[in-house]
Number of protein chains: 2
Amino acid sequence: MAERPGERPAASGPARVYSRRRLLVTSAAAALSGAAAAAVGVGIADAGSPGAAAPAAPETREEDTVPFYGLHQAGVQSPAQSAAAFCAFDLHADVDAAALRRLLRLLSDDIARMSAGRAALADTAPELAAAPARLTVTVGFGPSLFDKVGLAAARPAGFADLPAFPTIDRLDPTYGGGDLLLQICADDALVVAHAQRMLFKDTRAFATARWTQRGFLPQGPAGQTGRNLMGQVDGTVNPRTDADFDRVVWSTGTGWFTGGTFLVFRRIRMELDTWDELDRSAMEATIGRRLSTGAPLTGTAEHDEPDLDAVDATGLHAIADFAHLRLARGDGPAAQLLRRPYSYDDSPGADGASDVGQLFCAYQADIGAQFVPMQQRLAAGDLLNQWITPVGSAVFAIPPGCAPGGFLAEGMFS
Amino acid sequence: MAERPGERPAASGPARVYSRRRLLVTSAAAALSGAAAAAVGVGIADAGSPGAAAPAAPETREEDTVPFYGLHQAGVQSPAQSAAAFCAFDLHADVDAAALRRLLRLLSDDIARMSAGRAALADTAPELAAAPARLTVTVGFGPSLFDKVGLAAARPAGFADLPAFPTIDRLDPTYGGGDLLLQICADDALVVAHAQRMLFKDTRAFATARWTQRGFLPQGPAGQTGRNLMGQVDGTVNPRTDADFDRVVWSTGTGWFTGGTFLVFRRIRMELDTWDELDRSAMEATIGRRLSTGAPLTGTAEHDEPDLDAVDATGLHAIADFAHLRLARGDGPAAQLLRRPYSYDDSPGADGASDVGQLFCAYQADIGAQFVPMQQRLAAGDLLNQWITPVGSAVFAIPPGCAPGGFLAEGMFS
C-alpha cells in the first residue's frame, strides 16, 4: 500500500484530501521496540510479517481503506467518515499491565485486519469486512486507566480530567468518563456496527461497556466543510497541513507518547426549539458567521480571515464581543485544536423531548494549554451558551500509532 | 421532472434502478378530487400550483430527489436509502377527522417541499434541506386511527392488528403499535434527522411520539442486494417490475385506498452471540443459501431459482425442510412480499448486552393473505427462530400518493 499522496492513483473521494503520513525512521519510530522497529526499517508497506500483514482481500479497493500502521493512529488526521460510534469501557478490577498488553495486542491485530478489508480473527461473517468504507478505529486511554493497571508512571505529563465548567455544564455520568475508548468511524454504518461487535468480543474478558454514543455527518463532496444540526457550517478553522498537525495536534517529546494526541470528548445538546425562535440575523450574530456560506460576518467566503477589529455603522464590533467565533479563537493562532465533531440524534428522549446535538471531539497536543483556556472563555461569555448544553464529558490520551508487527501503546510497557 | 426511466439522463446511482411510476389518469387518479384531478390532467411534473410545487432550489440535483407526487407514496418502490427513522405517534384525544385532515395537509406540503430540496415552511435552517439525498417520507395509519377520528368506515377492509405468534414473539410494547407512522429515509443521516425534526414540529399539536427506531443499510453499488448483520445477503426475492408491484404490493379496487399498501413492521433482535457458535455450513443450512454469494444451496448465483426438490447424497433435501428459504417461500409465486428491511444497532443495551437486529419491513396488498401465512409457517418451523426474536410489532396502512395541490389520504375525507 502506497503511503504518500503522490504514490496513490488519482481518485476523487475524500480519502484524497489528506493522506496518512509516511512512517519514517524518526526519533519516535526509533523508540518502538524490537520487531516493530525492524519492520519500520523496511518501510510502512505491509512488511511480510506473516498473518498480521497479509494483503487485503482481492475485492477490497484501496480507496476504501485508511492504513492502520503509521506514526500516528488513524481516525484523527483522516478526513471524517460519515458514521461513528464512540465506545467507552471500564477495565475489570483484575486487569493488570500484562492483561492490558494482551488486550492491546488483540485490538491492534483486529483493527489492522478490518482496516484493510480483512475479517477479524473471530469473525464468522467475513463478507461484512470486505468493503471497509475507510474504517478507522482509534484507541484511547482515560486518566483513570494508568493507576488501575499499575502504570502510573506512564501517564502522559499533565493528563487529567477536565476542570469543571459550572456555568455551562449539566453533566450526566451516563455519558462521560471511562478507562478505555474505541472510536470507530467508517462511511457505512453497517461497517461501524460490525467492527464494533468484533471489538466488543475482544474486550469482553477485560472490560465492561460504560457508554456508547453514535454520530453521523453529512456526506458532502470531498473537502467541503459539513453542517451541524443548527445549520451552521462547522469545522472551518482546523489544522490542514502536516506542519499544522505537528504544531497543534501531535504530542512531541521523547517519551512513549510521542506522536500521540489528546481527545476532549463532549456531548453537547442543542436546544433547537428555542434556537428556532431567533431570526437569521440573530443566529448569525451569535456565531459571527453567515449561515448560508459559513463566511465570517466581515467576509464573503468561508475561509476568509475574520476581521475582529472591524466595526459596523453603530461603532460596535461587526463580529460581536461575545460571538462564538471571537471567543473560540482567542488571541493565539487560529488553528488551536483539531475539531472532528459528529452530530447525534437520539430524539425523542425518554420524556418525548428533542435530544439532538453534537459529539464534540477536539484533538490537541496539550489539553491544559489548548482546550481549557478556550472553554473558559466560552463558558464565561459565549452567546451560543443559551442554546447548547454540555451533558457528557470525557478526556482520552490517544497513543501514537504502531508499525507492522507491533501494537498500540507498546512503548508504555517497556 | 421526468418520470419514466427513459426520460431521465443516464446516471449510475441507485436512483436509476427503479423509478417512480408515471402518474397516469387511471381509475385511481380519477378518484382524486377537484384540483388534484385537474393537476393530474396536466401530468405529474410540477404543475404550476403556486407554492406547493415551485422548482427545486438551484443547487438541488435531480438525482438527489425522489418525486413525492404520484399514484403511490414514495419510499416503497423507491430503492432503499442508507439511513432511516421510523417514527410512530399516538393522536391526541381531541383530534377529530377535521384535525387529522389539517395535519395531513401540513405533512404533505412539507414532505413535498423537502423531497424536492426545498425547506419545510417552518425551517430556520433551509441550507440543511438543499441536498435531500433521495429523501422520502412515507405516511402510514395504524388500525387504531380510524375509530379515534370517527372514520371507521374508511378503514381498509380487513386491516387489523396481526394475530399473535406466541411461539416466537417476545413483544415489548415500547417498540410496537401506534396511530400514525412517519417512515423517513435518505442517503444521509443528517437529512433524516433534519426532516424528522421538521415533521415533529408539524405533528406536535396533534400527536405524541410513541416510538422512534433508526436503521441503516450498507451503501452498496446500485442494484446489489445488501447484507444484514448476520452477514446474509438479504432481499434477493423481491418484486422488481411494475407488474410485480401491481400484483404483490399495491392495493387494488375502487375505494379511496386504491394504490396504497400495507406495511408489517417487526423489530427482530438477532442473537448474534449464539449464531456465532455455528459453523458456516450450519448457518447456510439454516438459511438455505450460501453466505458468500447468497446463492441458493442448489445454485451458484444469487438469483438462481432454488430447486426445492433436489436431494443430496444422503437422500435428504439439499435445501432443508425447515430452512428459512423454503418456509418463507411456501407454495405460491416467489415474490409474495416487498421486503425493505433496515439493520439496527442500539447496543450495548441497558444490561450491557448486544442489541442488534433488523427492522423488518414488508409491504403488501393484503396482510392476511401474504404476511400472515408466511409468518405462520416460519413461526412453526423456521430453523432461524433459534437466533432471531421479534421484540416489536406494528402494522400500518400506507395510503396512496397524491397529485400536486392534493394531500395524502384526501380520499378518506370525501
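Across the interface of chain B and chain A, nine salt bridges turn up. Keep in mind, as you look around, that this is a predicted model. One pair to pick out joins R280(A) to E127(B), with 2.5 Å from N to O. Side chains of opposite charge can pair when their charged atoms come close.

The interface also holds 15 residue pairs in polar contact, with both partners at pLDDT 80 or more. On the side of chain B that touches chain A, at least two residues come from each of α5 (189–203), β4 (207–216), α7 (272–275), α8 (280–287) and β7 (342–345) of chain B. Of these, α5(B) gives the most, with seven residues. Sorted by class, the side of chain B that touches chain A has 17 nonpolar, nine polar and 13 charged residues.

**How the two chains meet**

How many residues does each chain bring to the contact? Chain B supplies 39 residues, and chain A supplies 39 residues. Together the two chains bury about 3200 Å², and carbon and sulfur atoms account for 52% of that area. Because 100% of the interface residues of chain B are also interface residues in chain A, the copies meet through the same surface.

**Salt bridges over the whole structure**

Counting over all chains, the structure holds 37 salt bridges. Within chain A, the side chains of R266(A) and D169(A) form one of them, at 2.7 Å from N to O. R266(A) sits in strand β5 (residues 261–270) of chain A, while D169(A) sits in the loop between α4 (143–148) and β3 (180–186) of chain A, so this pair ties together parts that are 97 residues apart in sequence.

| Salt bridge | N to O distance |
|---|---|
| R280(A) and E127(B) | 2.5 Å |
| R266(A) and D169(A) | 2.7 Å |

**Backbone details and the annotated domain**

A few backbone features deserve a look too. In chain A, the peptide bond from S347(A) to P348(A) is cis, with omega near -5°. P348(A) belongs to the loop between β7 (342–345) and β8 (356–364) of chain A. In chain B, the bond from S347(B) to P348(B) is cis, with omega near -5°, and P348(B) is in the loop between β7 and β8 (356–364) of chain B.

Another residue to check is A133(A), which has a positive phi of about 55° although it is not a glycine. You will find A133(A) in the loop between α3 (97–115) and β2 (136–141) of chain A.

Finally, an unreviewed UniProt entry lists residues 73–216 of chain A as "domain: Dyp-type peroxidase N-terminal". Over residues 73–216 of chain A, the chain is 28% helix and 22% strand. The end C-alpha atoms of that stretch are 21 Å apart.

Note on methods
Residues numbered from 1 in each chain as written. Chains lettered and ligands numbered in written order. Predicted model: local features only at pLDDT ≥ 70, side-chain atom pairs only at ≥ 80, totals over all residues. Heavy atoms only, no water. UniProt positions renumbered as here; feature names shortened; annotations may be inferred. Helix = DSSP H or I, 4+ residues; strand = E, 2+ residues; numbered from the N terminus. Contact = heavy atoms within 4.5 Å. Buried area = accessible area lost by both parts, 1.4 Å probe. Salt bridge = Lys/Arg side-chain N within 4 Å of Asp/Glu carboxyl O. Polar contact = N/O pair within 3.5 Å; in protein donor to acceptor, adjacent residues only side chain to side chain. Nonpolar A, V, L, I, M, F, W, Y, C, P; charged D, E, K, R; others polar.
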